[in-house]
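Hi,

Here is the structure I promised to pass on to you.

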Amino acid sequence: MTEAAAPHPRTRGRLLLALGLVMLAGMVLVTLFGPWIVPYGAATTSPDSLAGPSAAHWLGTDSIGRDVLSRLIIGGRTTLLITFVAVTIAVTAGLVLGLLSGYVGGLVDELIMRTLDIIFAFPVFLLAIAVVAALGPTVPNLILTIAIVYTPTLARVVRGPVLSVKRWDHVEAARSVGVGEFAIATRHVLPMVISPILVQTSLTLANTIFTVTALSFLGIGPPPPDPNWGGMLSEARQFMELAPLTVIGPAAAIVFATMTFIVLANGLREVLDVGSR
Amino acid sequence: MAQADALLQVRSLSARFTREGVASRVVKGISFDIAPGEAVGFVGESGCGKSVTARAILRLAPEGSSLQLDGTVHYRGQDLLQLPESQMRDIRGRRIAMVFQDPMTSLNPVLSVGAQIDDMLRRHTGASAQMARKRTIELLGLVGIRDAARRVDDYPHQFSGGMRQRVLIAMAVSCEPDLLIADEPTTALDVTVQAQILRLLMRLRAELGMALMLITHDFGVIAGMVERVYVMLDGEIVESGTVDALFAAPQHAYTRALLDAVPRLDSTTRLL
Amino acid sequence: MRAGTEPLLRVQDLSVVFPARRGKGSVQAVDKVSFEIQPGETLGLVGESGSGKTTTGRAILQLQPVSGGSVHLLGRELTALPRADVRAMRRHMQFVLQNPYSSLNPRMTVGATLTEPLRVHRSVPAAQMPQRVAELLGFVGLDPDVVRRYPHEFSGGQRQRIVIARALAVNPDFVVCDEPVSALDVRTQAQIVALLKSLQVRLGLSYLFIAHDLAMVRHVAHRVAVMFGGQIVEIGTAQQVFDRPGHPYTQALLEAVPVPDPAVQRERLAMAPPELDFLAHRGGIGPCRFGEDHGAIGTSHWHWLSPGHGVSCQFWPEAA
């Protein structure tokens, strides 16, 4: 009468988490030490254009002879930089606003949530195009735009649990001891909210990679000569048949990066027991 | 007692359940009998295995875990642990029914109480919709719900805790089972309501000739309701006896410790 | 218990109204509740669910906004104090909640939980805090080296001891215990209650002991107040209320409490159930059952049966 046990979620979660962390570590290390490990400069041209893979150029070269692999690695730096910085800003802003909104409630909650709703209603690309048209396609502008666009979701993910945790017994117990409201919010409520925020952060990172590369694909991203994946993809379209690696290279990089964060998100969700259960 | 006489005969029942990959042996080879129409009580502290024993009889594993059972549970001569699930479904509710502690979570919040009792009747007795509805209203009246004909279409949240428990009891006795298992049926209720529910259970037992297996941690509740008591500790039965003998002269140190710890309303002798 | 002195806590006509919410009207959860607690005394507050006893406890502690009435603690009117002063007063009044599984922050060690009140009220110099924490753990019978552990590593009874230790941290005068042992097994209940009693003697504490278990309250309380429908329907010494209950609701409660005596219990259950319809009878017009016309005279619906023992004249069966 024993029922077969399904592969245990916690173990599966741990595996996914480990995998995701390994992938992340790999990506970060490679791009971090990029300038020192790349075989060629990102802007170094050569007469050997649109070459296939060889010992000299593992992923071949692009239309003006630049090494694809080197450009991928260097381009990854910009992409990941924008992604991490933008998401860090968004998470911080989301935490602060979500905590404030959920804990204080009332008019403050209304004000913050309605403002965030307005931002939330804007499609990312429209906003990015508008900002770029107005202020120029610099990296800081891009970071700021993306941070603003993703803050509402993160704030909402924080606010939800805060609304329920603030009614929990240990919060009332702390209040009865005489702990001040700020200390209660940060020491007794916030730590309970970390789990859902971690998962949402990973998902946001995945989204942001996609957004950044898409924007640069459309030409709105970081300007040349800095290589970036989206830009590389865009340029390489015309040469897809002649030198497929110029397209496959950046595409694979984008997929890998996005998957890293998705795997992390799933792993975190299972290990932290967030969501349905 | 010869085997043929016992309604329920449990021998060397062991239960192990696995939750999130961790297995724990919660019932360790217990044996007991319940005669037709008899009331027995299972008492003990949390984690002693009394609830799992009840669920084991009906082979109901708690949420998100799997239950592994050994031993035999003979009901009218048939070993319930060997029955295929389809036959077990016929027994649950029809021949052996169970009432749980928390009425709110045992009732479906989106169906009216009448619908839920009708369902049971039609499933187990094949009654027509009309007959089932008539019987449902009768049952609600039987358990003391006033204005039953009107309240039959109300939803669980429209009833108070005590009323909901009455509805659950109505559901449980709807098919006139031989055995009613009640797991902490009054723990979540106020004391005045508790007394009413206990009286109701007694009355139903008398009227329907039902056997009762009452599981509780409360010695006061057990005292007036059952004929025999089993005291459980850590998955085992450490003492059993008639209720009068057990209360008057508990043999096992654990039973004595438990009885000593119960505060009494009529005296202020120090606890412990 | 030193009688005749200024009471530690005086509650007068305390009222709490829960505002109307979607679908439901406003609820008078606490309706002009008055009582006093002397230093070193325990007042038991009993009643069934919805009686308002928990809300009363929380309102006294200023954890629940008060709609009317006064709460005097150590001579200061709590309802009139600004928030910062109320927080400062909290070192005199502490709270032990019902659920030991949820009243401790699961992410804080025992040491951090016990140190927090000390820091908030600056009652002990930082260097001496570990000592004080060890002393508190000693009071509740726990090993000093549990400071590094987390709540989930302990049983319900041990957690409740930690909660009690936290309540004692700043040397309060008054502790509200709201069903402090209901979530525990019967033997653990007895241990925790014994602990609370010994701490009362040792530290001169006063308790407001809120519970639904009357037998438990009998063992713990010097005086008892019975609540129903947001009001106190009877108050007196434990002996007066339990041995000579004056109000029919108190009598109904006492009759319903299951007694661990098979013969007595069987007899009780065999008797016809008491009619509880009278609980719907609030005071009407004209003289009450004690002969006073409260509406006309303007007095409250209350009568003293003997010194210190009084009952409400509301919620009585109609005179035959």
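**Where chains B and C meet**

In this predicted model, 32 residues of chain B are in contact with 32 residues of chain C; two residues count as in contact if their C-beta atoms, placed from the backbone, lie within 7 Å. On the chain B side, helices H8 (191-208), H9 (219-225), H10 (243-248) and H11 (253-261) each supply at least two residues. H8(B) gives the most, with 8 residues. By class, the chain B side has 18 nonpolar, 8 polar and 6 charged residues. Here Ala, Val, Leu, Ile, Met, Phe, Trp, Tyr, Cys and Pro count as nonpolar, Asp, Glu, Lys and Arg as charged, and the others, Gly among them, as polar.

A word on conventions: the model is predicted, so local features need pLDDT of at least 70 and side-chain atom pairs count only at pLDDT 80 or more, while totals for chains, interfaces and linings use all residues. Residues are numbered from 1 along each chain as its sequence is written, and chains are lettered from A and ligands numbered from 1 in the order in which they are written.

**Chain C as a whole**

Chain C has 11 helices and 12 strands; these are DSSP runs numbered from the N terminus, with helices (H or I) of at least four residues and strands (E) of at least two. Its radius of gyration, taken over C-alpha atoms, is 21 Å, close to the 20 Å that the globule rule gives for 320 residues, so chain C is as compact as a globular protein of that length. That rule is 2.2 Å times the number of residues to the power 0.38. Buried residues make up 45% of the 320 residues in chain C; buried means that 20 or more other C-beta atoms, placed from the backbone, lie within 10 Å of the residue's own.

**A covered helix in chain A**

Now find helix H7 (residues 169-177) of chain A: 8 of its 9 residues are buried. Among them are His170(A), Glu172(A) and Arg175(A). What do the buried residues of H7(A) pack against? In chain A, the partners are helix H6 (139-165) and helix H8 (181-217). From chain C come strand E6 (93-96), helix H3 (110-121) and helix H5 (156-168). Just after H7(A), Gly178(A) takes a positive phi of about 110 degrees.

Enjoy exploring!

Note on methods
Buried ≥ 20, exposed ≤ 12 C-beta atoms within 10 Å, placed from the backbone.
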